Amino acid sequence: MTTTGTREPMRLAQRQARAIQKATEQRAHVWALPGRPGFYQVRSATDAAERYVVAVEADGRITCSCPAGGYDLPCWHAEKLRTRRIREARRRRQLLRVVPS
Ligand SMILES: [Zn+2]
């Protein structure tokens, strides 16, 4: 049985769950591209020479240049950046709280 090309909601949810799990397992670093705000790079888990560009779109959506991202499917690279941004936002809020005005 092949499911190529199908986009059933359940399958998408499974992919999302897998992406989230892999993002927590992978120790790969997400680094910001100098001079390109909103653009980051993540190294491929399967090919050390391969790097994917993960970008934050104007509407806040996160896109990735990996094969899954090309099909608009969830991937762990995008998930990794999403959790990093949440962490950063949380840290900024904490800093705002301790810095006296
Ligand atoms: Zn990706």
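**Entry 1: the core.** I looked up the largest nonpolar core, which has 12 residues in all, namely Ala-19, Ala-23, Tyr-40, Val-42, Val-54, Ile-62, Cys-64, Cys-66, Cys-75, Trp-76, Ala-78 and Leu-81. I took a nonpolar core as a set of buried Ala, Val, Leu, Ile, Met, Phe, Trp, Tyr and Cys residues joined through C-beta atoms within 7 Å, where buried requires 20 or more other C-beta atoms within 10 Å of the residue's own, with C-beta atoms placed from the backbone. At least two residues of this core come from each of helix 1 (9-25), strand 2, strand 4 and helix 3, and helix 3 gives the most, with three residues. Helices (H or I, at least four residues) and strands (E, at least two) are DSSP runs, numbered from the N terminus.

**Entry 2: the model.** I noted that this is a predicted model, in which local features need pLDDT of at least 70 and side-chain atom pairs count only at pLDDT 80 or more, while totals for chains, interfaces and linings use all residues. Residues are numbered from 1 along each chain as its sequence is written.

Entry 3: I found an open sheet of four strands in the order 1-2-3-4 with antiparallel pairing, where pairing requires at least two bridges found by DSSP between two strands. Strand 1 (30-32) and strand 4 (62-64) are the edge strands, each pairing on one side only. Strand 2 (residues 39-43) and strand 3 (residues 51-56) pair over five bridges in the antiparallel sense, and I saw that Val-42 has Tyr-52 in strand 3 as its bridge partner.

**Entry 4: one residue.** Leaving out residues up to four places away in sequence, I listed Val-54, Val-56, Ala-78, Leu-81 and Arg-82 as touching Ile-62, with contact meaning C-beta atoms, placed from the backbone, within 7 Å.

How values were computed: Two residues are in contact if their C-beta atoms, placed from the backbone, lie within 7 Å.
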